[in-house]
Structures are given as structure tokens and as C-alpha cells.
Amino acid sequence: MKNQMRLEFDSVSANEAFARVTVAAFMTQMNPSMEEVADVKTAVSEAVTNAVIHGYHGEVHKITITGEIEDDWLMISVEDQGVGIADVEKAMEPLYTTRPELERSGMGFLFMEAFMDEVRVESQPGKGTSVFMKKRIGRREA
Amino acid sequence: MKENMRLENGILRIRVPEELDHHSAAQISAQADALIKKREVREVVFDFSETLFCDSSGIGMLMGRYKMMQALGGTVRAVEVQSRVERILLLSGVMKMIPVERMKRGERV
């Protein structure tokens, strides 16, 4: 099975729900468990929230999500053209946040990594950030 | 609008929405903080009975209110937590600071 989608929307916080629900709808054709859908929704919500808060600092620009299904793999990318991340490794450390005043818990990447099988971040200061995530769906545990 | 906060005898009970993300957490935090600053609140109770989705922004909201109430000599609790939200709370380590009660009734799916 192969399928692709692409979604572009404004970086406003109301679209965080729109983004995760849309990705959840896209993956239903993979016949996922409720747990798998919840995992993907959380990961997408974290990546989109990062783009809204950190990437664009609350300014309204575009966020792009692409989704791809290849057999039992779901691949999602969340991209912004915002400020970028100078030190990706540091940004992915649990509890690390650049915006404690906004009550960021520093757990966004922790949750993405906990709920997806693979998380990769590409970022360039001044150019933007792309988060690539993969998850195998329907892997029944014995 | 549906009432989502009630202050009675110094206890502020907050009904957390079905989806707790950055968008809704920011609204709840602002609303709660305005009350906490203005009135005497000794305990904040987050009622999660309707909540099916929570991400790290929800953790930030809980931690923020916890710190605020601690500074004021008060407490924070989370009650009626369903399994998905419980998983998030467990993973975050927030349960070491904030008492969390699971939902007692049969869970809504």
C-alpha cells in the first residue's frame, strides 16, 4: 500500500488540533489500533506546537505536513520556515526549553521519541526546521 | 459558554476540556491565574473526566499551577484521569509532584 498527502496551514494554535486530527484521519486506512492513533496524534501535536511557539514565535506563517504510507510504515514530516534551531541535540534533551516563561515543559521531543519509532530533526538557523517521524503500524505484540 | 471553573470554599475546580493542548492549556492557565491572584485559593483540582487527549503543553499547565500554588502555600491535584492521559502524566514524571487519581467509573471510549 502506498499513499501520500500534503497539508499546509497557518501557524495559529487553533490549528494544532486540526493538524493532529487530519493526520489521524489519514492513517485510518492502515487500520491502526486506538493506541497507535493516540501516539501519532500526540507526536504531531508536539511538532506543530514547536513550530507555532518556537519556529515562528507566535507570528502567523505557514506550516507544512506531509504524510506517506508505505506498507505498514507511516512517515510524517512537519516543516516550518521559522527561526530554526542552532543546537538540535540540546533542543532534544528532556526538560530543556528556551521558553520557560511560556510554561514549556521541555518534553515535546521526549514525547515524539516515546510515541514514534524514529524521530529526526533537520534545522538551519534562519531557514527553518523539519521534523521527520516514522512509525510502524499494526505490529501486533505477541 | 459552559462553566469550566468553579471556586468554592477556597477550592478551585477546573474542568479540563476533551483535548488539552497548547491552545486550550494557555486559555485555562490565564483564566485560573486571574482567579488565583484575585481570590483566596488553597487548592486547585483539575478534573480530567472529559479529557481524551493531552500533550506536553498540558504538563506545562499542571507544572505552572503547581509552582504557583506552592509559592502561595496551596496544593494541586488531578482527578478522574483516564488511561491515555495517565500514560502521558506517568511519562512526564509530573506524578512525583502532583497527586493523580484515576477515573473510578467505567471509562468512556
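Which residue in β5(A) does A:M75 stand opposite? A:M75 stands opposite A:K134, helices (H or I, at least four residues) and strands (E, at least two) being DSSP runs numbered from the N terminus. This is a predicted model, in which local features need pLDDT of at least 70 and side-chain atom pairs count only at pLDDT 80 or more, while totals for chains, interfaces and linings use all residues. Residues are numbered from 1 along each chain as its sequence is written, and chains are lettered from A and ligands numbered from 1 in the order in which they are written.

**Sheet and the helix across it**

- Five strands of chain A form an open sheet in the order β1-β2-β3-β5-β4 with antiparallel pairing, where two strands pair if DSSP finds at least two bridges between them.
- At the edges are β1 (2–10) and β4 (118–124) of chain A, each of which pairs on one side only.
- Neighbouring strands of this sheet are turned by 10 degrees against each other on average, direction ignored; axes are lines fitted to C-alpha atoms, for helices over the stretch in contact, and angles run from 0 to 180 degrees between N-to-C directions.
- Strand β3 (residues 73–80) and strand β5 (residues 128–136) of chain A run antiparallel and are joined by eight bridges.
- Helix α1 (residues 15–27) of chain A lies across β1, β2 (62–70) and β3 of chain A, and runs at about 170 degrees to β1(A).

**Nonpolar core**

- The largest nonpolar core has 54 residues, and those with the most contacts inside it are A:A43, A:V44, A:V78 and A:M112; such a core is a set of buried Ala, Val, Leu, Ile, Met, Phe, Trp, Tyr and Cys residues joined through C-beta atoms within 7 Å.
- Helix α2 (residues 34–55) of chain A gives the largest share of this core, eight residues.
- Not counting residues up to four places away in sequence, A:M112 touches A:A43, A:E46, A:A47, A:V119 and A:M133, contact meaning that C-beta atoms, placed from the backbone, lie within 7 Å.

**Contact between chains A and B**

- The contact takes 19 residues from chain A and 18 residues from chain B.
- On the side of chain A that touches chain B, α1, α2 and α4 (108–115) of chain A each supply at least two residues, and the largest share, eight residues, comes from α2(A).

**A:Q81**

- A:Q81 lies in the loop between β3 and α3 (88–91) of chain A, and touches A:H61, A:K127 and A:G128, not counting residues up to four places away in sequence.
- A:Q81 is partly exposed because 18 other C-beta atoms lie within 10 Å; a residue is buried at 20 or more such atoms, exposed at 12 or fewer, and partly exposed in between, with C-beta atoms placed from the backbone.

Methods:
Contact = placed C-beta atoms within 7 Å.
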